[in-house]
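I opened this notebook page to record what I looked up, one entry at a time. The entries follow the order in which I checked things.

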Amino acid sequence: MNISHIENEELSLRIYQACIDAGFDDCGIISIEDMDTYIANTRKRIEAVPVSAGFYKNAISGTEEIRARFPWAKSIVICLSQTTKYKYPKELQGLYAKSFFISRDSVKNGPEHLQKHKLGRWFDENQIEWTGAIKENGSDIWGLRHAAQTAGIGIIRRNNFLYNEDGSWIELDSFLIGEHCRLYQERKFTPCPTGCTICQKACPTSALHEPYTLNPFHCVSFINTFGRGIVPEGLQGEQLGTWIVGCDACQDACPFNRRHDWSQGEDYPGLGALVEIMQPENILSASSEQLENICLRSSDHLKPKDSEVLKTNAERVLRNRNIQKSIVI
Ligand code: SF4
Ligand code: SF4
């Protein structure tokens, strides 16, 4: 690890090691004040896409309120987990966003998910006050990609995703702690090539119409999950293509992601057994229990009761496939 800046060195390095022991692949520790830049950047995003104000307002207020809500907090520990250690069945590619279904949170109370709790126990054992999403009634913070970039463990690219040397297939967790620690890494990430617009061109709805901006309400990942599958005004159902849950188009197209081979790696526990039922034609006839099981694995993008959203999305995918077939004929 190349460190560019460290404070409270002994404890900061012990926290880093505790993160690794809890199954995280990387970690940095930043100040709460570092998140002020996130607030400024988010305001710029709203200026660029005014319709996104409703979406981002909680991000701004939530970040502004960190100090008031957690007056004891002195630092943010940002932890990164690599999802590329798993295979992703080719039958699910282009239908389901990979990171949702091979996340450490895809199986609640599975070994990967529970291993994260080891970090909370370590904080407790070392009498470090903390909160984070893994704590019951704990709090997660907004702007995790910004926090990770600030800590030097990744770079936010023009498609808004955080990348490390292996691409954008990573997930982030944050912990607020009551100790003053800092650990910023020094890593050299090649920036996006000048003039590259591959991700923008790959976006089926033009939600990503300019670098580092997004119309979240036109993003397929939002529409087919939190947006409940309802096609918003200004878009046509065909534009959502074959995505049932999430969308990887702007990540799959990126040259920095292309070298990863999804046929390599470990099997994600239990995912192979669901491949058949996750096909759109089978979702329409699946039992409520099977649909709930798929929703449960979506890393909280769908709740178990959202079976109807899955069906709405699957019906649209089948319609779109028919349209595509008739165009080819
Ligand atoms: S996830 Fe899909 S819809 Fe959203 S910005 Fe990327 S390509 Fe566009
Ligand atoms: S496709 Fe090009 S512009 Fe978009 S994130 Fe990748 S390298 Fe950057």
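**Entry 1: the cavity lining**

I began with the largest cavity and listed its lining, which consists of Arg157, Arg158, Asn159, Tyr163, Cys192, Pro193, Cys196, Ile198, Cys199, Cys254, Pro255 and Phe256. I note at the outset that the model is a predicted one. Sorting that lining by class, I counted 9 nonpolar, 1 polar and 2 charged residues. I then looked up how much space the largest cavity holds, and the computed figure is about 90 Å³. At a threshold of 30 Å³ or more, I found 1 cavity in the structure.

What takes up the space of the largest cavity? I found that ligand 2 does. Around ligand 2 I listed Arg157, Arg158 and Asn159, then Cys192, Pro193, Cys196, Ile198 and Cys199, and finally Cys254, Pro255 and Phe256. By class, I put down this shell around ligand 2 as 8 nonpolar, 1 polar and 2 charged residues.

**Entry 2: the shell of ligand 1**

I turned next to ligand 1, which is surrounded by Cys203, Pro204, Thr205, Leu208, Leu214, Cys219, Val220, Cys247, Ala249 and Cys250.

**Entry 3: the chain as a whole**

To finish, I looked up the overall features of the protein chain, in which I found 13 helices and 8 strands. Its C-alpha trace spans about 65 × 40 × 35 Å along the principal axes. I also compared the radius of gyration with expectation: a compact globule of 329 residues would have a value near 20 Å, and the protein chain has 20 Å, so the two agree.

Notes
Residues numbered from 1 in each chain as written. Chains lettered and ligands numbered in written order. Predicted model: local features only at pLDDT ≥ 70, side-chain atom pairs only at ≥ 80, totals over all residues. Heavy atoms only, no water. Near = heavy atom within 4 Å. 1 Å grid on protein atoms, 1.4 Å probe; cavity = no way out; pocket = protein on both sides within 12 Å on 5 of 7 lines; lining within 4 Å. Sits in = over half its atoms within 2 Å of the grid points. Nonpolar A, V, L, I, M, F, W, Y, C, P; charged D, E, K, R; others polar. Points joined across faces, edges and corners; volume = space filled by probe spheres on them. Helix = DSSP H or I, 4+ residues; strand = E, 2+ residues; numbered from the N terminus. Rg over C-alpha atoms; globule rule 2.2 N^0.38 Å.
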